[in-house]
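Colleague: I have a model open and would like to learn how to read it feature by feature. Could you walk me through it?

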Amino acid sequence: MSKNKIKTPIEDSLIKLESIINKMESGNISLEESLAYFEQGINLINECRTKLENAEQKVLELTKNSDGTFRTKTK
Amino acid sequence: MYPEKENYFTVSELNDSISASIRSSYSNFWIVGEISDFHYHDSSGHIYFSLKDENSEIRSVMFRASNQFLKFEPVNGSMVKVFGSVSVFEKRGQIQLVCNLMEEIGVGALFKKFEFLKKKLDQEGLFNSDRKKILPKYPETIGIITSGSGAALQDILKVLKTRSPHIKIYFRSTMVQGARAGADIVEGINDFIKFGNVDLIILGRGGGSMEDLWVFNEENVARSIFGCSIPIITAIGHETDFTIADLVADIRAPTPSAAAEIISDKSSTMIKEYNIFFEKFNKIFFIKSQSLWQKLDYFYNIIMALQPQRKIELQNKKIHDFSNRLYQSNGLFMKNLVKQLKSYDKRLYGLSPNHVLKRGYSIAIDKNGEIIYSKGQLKTGDKFDLKTADGIMGAKKIS
């Protein structure tokens, strides 16, 4: 398949979270480092949870103005 | 060499044998061809014809029991897709194709056009799987190109609302059949490329005849899909409809609902994944904080032993507070805690060593004058000094 794989913010966060958890589980980090990772991880999780849990479907119609710029309106 | 003359067939035996052999190998398949020599037998209701292509033909029959359900009237020149079996009319030793199902696959010319373009684009590599883009697993914004009044749009929205309501949807209405539809769809794809905000595009249309779906077999639409920098999933017609657009697309879905399910596949289980991560975090952090507790206890005991009367911030109640709040897992709180511990550390060193020593503590110092905190700093056999309240003695690590 093509190498042009798009990674969206959510997938990016998941990849970062995996990496953080692996580092923390490996045990070879100082307490301060694990604090930093923990804070990072919790922030990532909360960011994504906010996106997911309070989501309401948003549908916008894309139309073009006469000058070629775009405008959107709620469908 | 020839077989023995004594082992001979009768004509009937031969035809029976051929018939049995053919019945086992040539049953229940689809075949495509053009109808010629068509004849409708009035009294029985059976239809007889030849099914042919450029080079060959086969005599065929569709009995009344099957042909009474036909949704169209086959005539000479009709291009059809037929489901049936080959049988041998034993009396005459003739093979015939017995048809159970028949579909019209469009006027011969239209079908020829489809095959021609399909071959051409295939040779150019437009259908190659290594040119197809991977659809993002967790799209957050998507584009939909379809008719504003069709069922396709509603089907897609319904599925996405349930499975992934967080996905933001931009909808670009286009014509989906007729002479002007092709240019409109091409423009729609270009609009999304210019707009830029979408992670993938669903290009869809509800069911219809080959003529209805024809715009998705047009060359400009195919090339536009191929050249699009955003991944495209097509959802055209019904499960059995395959258009050239489907072949060029990065993924083909059998229906619009299926397309919505495919793109929201991972997203729908995402909340569960995040909760799993959250639990993992809490677990790991609890383990790490256990050792933090031991340090806290150690400092607490030393400080209390040394200067019980001094006003120190760290008191019993605070430790219990810390205990509860720690497990509430607040990263910022933990940072402050470490900062506090470090300041106690400093103050501990600032306190007179003799007070410590008089209580019975001794300080181990290595040969470089460094204080030994951990047994790991010395190897077995290493010599070191032990400082007590009244002096220094030599010592050696024995285990």
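Modeller: Happy to. Let's begin with a pair of helices: helix 4 of chain B and helix 8 of chain B cross in the right-handed sense. Keep in mind that this is a predicted model.

Colleague: Thanks. How do the axes of helix 4 and helix 8 of chain B lie: at what angle do they cross?

Modeller: For a helix pair, look at both the approach and the angle. Here the two axes, of helix 4 of chain B and helix 8 (residues 256-263) of chain B, come within 8 Å and cross at roughly 30 degrees. Angles under 35 degrees count as roughly parallel, so helix 4 of chain B is roughly parallel to helix 8 of chain B.

Colleague: And which residues of helix 4 and helix 8 of chain B meet?

Modeller: On the helix 4 side of chain B they are B:Ala152, B:Asp155, B:Ile156, B:Val159 and B:Leu160; on the helix 8 side of chain B they meet B:Pro256, B:Ser257, B:Ala259, B:Ala260 and B:Glu261.

Colleague: Let's turn to the nonpolar core. Which residues of the largest one touch the most other members?

Modeller: The general idea first: in soluble globular proteins, nonpolar side chains tend to be buried together. In this model, the largest nonpolar core has 45 residues, and those touching the most other members are B:Ile156, B:Ile201, B:Ile202, B:Ile225, B:Ile233 and B:Ala245. Helix 4 (residues 151-163) of chain B gives the most to this core, with five residues. Apart from this core lies another one of 16 residues, including A:Leu14, A:Met24, B:Phe277 and B:Ile284.

Colleague: What does B:Ile233 touch?

Modeller: Leaving out residues up to four places away in sequence, the contacts of B:Ile233 include B:Leu135, B:Leu200, B:Ile202, B:Ala249 and B:Asp250. Also among them are B:Ile251, B:Ala253, B:Ala259, B:Ile262 and B:Ile263.

Colleague: What about chain A: which elements does it have, and in what order?

Modeller: Chain A has two helices and two strands, running α-α-β-β from the N terminus on. Of the 75 residues in chain A, 19% are buried.

Colleague: Now a single residue. Why does B:Glu211 count as exposed?

Modeller: Count the neighbours. B:Glu211 has 11 C-beta neighbours inside 10 Å, and a residue with 12 or fewer is exposed, so B:Glu211 counts as exposed. B:Glu211 is in the loop between strand 8 (200-205) and helix 6 (219-227) of chain B.

Colleague: How should I read the strands?

Modeller: Then follow the pairing. In chain B, three strands form an open antiparallel sheet in the order 11-12-13. Its edge strands are strand 11 (363-365) and strand 13 (391-396) of chain B, each pairing on one side only. On average, neighbouring strands of this sheet are turned by 30 degrees against each other, direction ignored. Strand 11 of chain B is joined to strand 12 (residues 383-388) of chain B by three bridges, and B:Ile365 stands opposite B:Asp385.

Colleague: How many residues lie between strand 2 and strand 3 of chain B in their hairpin?

Modeller: Four residues lie between strand 2 and strand 3 of chain B. Strand 2 (residues 47-52) and strand 3 (residues 57-62) of chain B pair in the antiparallel sense over six bridges, with B:Tyr48 opposite B:Val61. Strand 3 of chain B is also joined to strand 5 (residues 94-104) of chain B by two bridges, and these two run parallel. There, B:Ser60 has B:Leu97 as its bridge partner.

Methods: Residues numbered from 1 in each chain as written. Chains lettered and ligands numbered in written order. Predicted model: local features only at pLDDT ≥ 70, side-chain atom pairs only at ≥ 80, totals over all residues. Core = buried A, V, L, I, M, F, W, Y, C linked by C-beta atoms within 7 Å. Buried ≥ 20, exposed ≤ 12 C-beta atoms within 10 Å, placed from the backbone. Contact = placed C-beta atoms within 7 Å. Pairing = 2+ DSSP bridges. Axes fitted to C-alpha atoms, helices over the stretch in contact; angles between N-to-C directions. Parallel < 35°, antiparallel > 145°, perpendicular 65-115°, else oblique. Left-handed = near helix turned anticlockwise from the far one by under 90°.
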